[in-house]
Every structure is written in C-alpha cells, then in structure tokens.
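Subject: Structure for you to look at

Hi there,

Here is the structure I promised to pass on. Please open it beside this message, and my notes on what turned up follow just below.

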Amino acid sequence: MVFELCALNFVLCDLYLKRRHHTNTGLKHKTQSTKFKDQNTKIKPPRTNFKIMEYHRHLDDELDSLRDRVLLLGGEAETALERAMKALTERDSELARKVLDQDDKIDQLEVEVDRQCIDIIALRQPAARDLRFVISVAKMAPVLERIADHAANIARVAIDLNNEPELKSIVDLSRMSDHALRMLRAALDAFTSGDAATAREVILSDAEINELYNHVFHQLIEMMVTEPSTATRDARLLFVAKHLERIGDYVTDICELTVYMAEAAFIKHFK
C-alpha cells in the first residue's frame, strides 16, 4: 500500500512539472512573438507637414492668379488711356468708341479681382506679406477702374470735339498724357517687382504733372479770353486736363500701396 501511494505521488509530481514547463515555454514564445511584431510594425508618418505644404502650394497658386488678374486690369486701363488720347489728338472717333466699348470689360475685371481677394482672405487666411499683397490688390483694383473711367471720359470729349472745327494744338496737354502714361507703367512695374524705391520715385514725379496742368489751365483760359468763339471747346479740353491730373493722383495711390505691400509702411499723407 505504501509503495502504491509513493508511485502515485511520483506520477502526479511528474505531470505537474511537465505542465508548468509547457506553460512557461508558451508565455516566453508569446512574449517574444509580440515583441517581434511590435518591432516590425510600420509607423505612419504624420500628415501635418503634407497638409502645410499643400496649403502653401494652393495659396501661392491663388496669389499668382490674383497678381495676373490685377496686372491685366492695369494693362486694360493703360490701353484705354493711350487710345483715348490718340483719339483726341488724331481726331479718331472710331478709336474713341472702342475705348467706351471696353469700359464694361474693365468694370467686370474689377469685380472679379475684388471677389478673388475676398475668397483668398476667407478661405486661405494669408498672413504677413501675403496678406498685405491681397489688401493692396483689393484697394488697387478700384483705382485702376477709375483710371479707365477717366480715359472713357476723355474718349467722350474726343467724340464731341471731332464733330467741331479743329482747335489749336495744346502741346502741354500731350505732354501731360505722355507723363501720366509713363507714371502708370512705372507704377505697375514697381508693384509687380515689389520695388518700393521705384514707387517712391514715381510719387515724386507727380509734381511734374501738376505743373503741366497749371500751364494747360492758364493756356486754355487765355484762349477763352482771346477767342470767345472757342470757349465751349476750350472748356472741354480743361476737363481733359483735369482727368489727366487726377490720373496722376491715382497712380500715386498705387505707388503708396506698393510701398505698404513691400515695407509694411503707411506713407499716405507722409511722403
């Protein structure tokens, strides 16, 4: 009996030790397998940098599109002024009518630029220089549209005067228009390149167009006194001179916006 009990204990101990060894081996294998799996798990890179790059790419594309659109508007205003003065000096009523026909297109361009500025600010939330650029364009668009309006008014005067006897040539009037065109071209170039120094030079050149306006004004007043029969036509030329003088002021506004965009400096009234 004692022998049988000893044999039974021996068998039970042997089973217990085998089962314990099997359990430990399984745990060890499971731990190593889990560790191996964790080491080979690929960590996905964060998408934050990708999103930032995409944001800047879209913003740059939209800013380039906005720059192209406002320069197209500037080019249309420049062409309108050039054609209007040519229609006046060469008595070309057909060319003057082309200026009037293009005025609606220029108005539409201004609306498109304004809408694009609002979309960029609302959807892209630009900052620093980009924000100054968008704000400058938003303020510049109506200025360019007004320059085109002045050109259209000159074209209307040209049509009226072309139906009447030709007046004596006013040399300073042509000089005024040439100077206004040079100022406008230089202002648009300075804006395109962000050249604040050139913009300041254009602002200073506005004094010359003011002097020319004074000369034209006195010339026309003298003609009204000496030749009363031409007074009505001379008065129309006075309006042309005033349109050109105002265009010079608007070009100055464009240059002030260029300085603000490039230097974050407000120079209006503090030139």
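Phe133 and Phe191 are both buried. Please keep in mind that this is a predicted model. A pair of aromatic rings is described by the distance of the centres and the angle of the planes. There are 3 aromatic pairs in the count, and one of them is formed by Phe133 and Phe191, which are stacked with 5.9 Å from centre to centre and 15 degrees between the planes. Phe133 belongs to helix α4 (residues 128–162) and Phe191 to helix α5 (residues 171–193), so this pair ties together parts that lie 58 residues apart in sequence.

Ile221 sits in helix α6 (residues 196–226). Its relative accessible area is 31%, so Ile221 counts as partly exposed, and the cut-off for joining a patch is over 30%.

Finally, helix α7 runs over residues 231–263, 33 residues in total. From first C-alpha to last, α7 reaches 48 Å, close to the 48 Å expected at 1.5 Å a residue. Just after α7 comes Ala264, which takes a positive phi of about 55 degrees.

How values were computed:
Residues numbered from 1 in each chain as written. Predicted model: local features only at pLDDT ≥ 70, side-chain atom pairs only at ≥ 80, totals over all residues. Heavy atoms only, no water. Helix = DSSP H or I, 4+ residues; strand = E, 2+ residues; numbered from the N terminus. Buried < 20%, exposed > 50% of the residue type's maximum accessible area, 1.4 Å probe, protein only. Expected span 1.5 Å × (residues − 1). Phe/Tyr/Trp six-rings, centres within 6.5 Å; stacked < 30°, edge-to-face > 60°.
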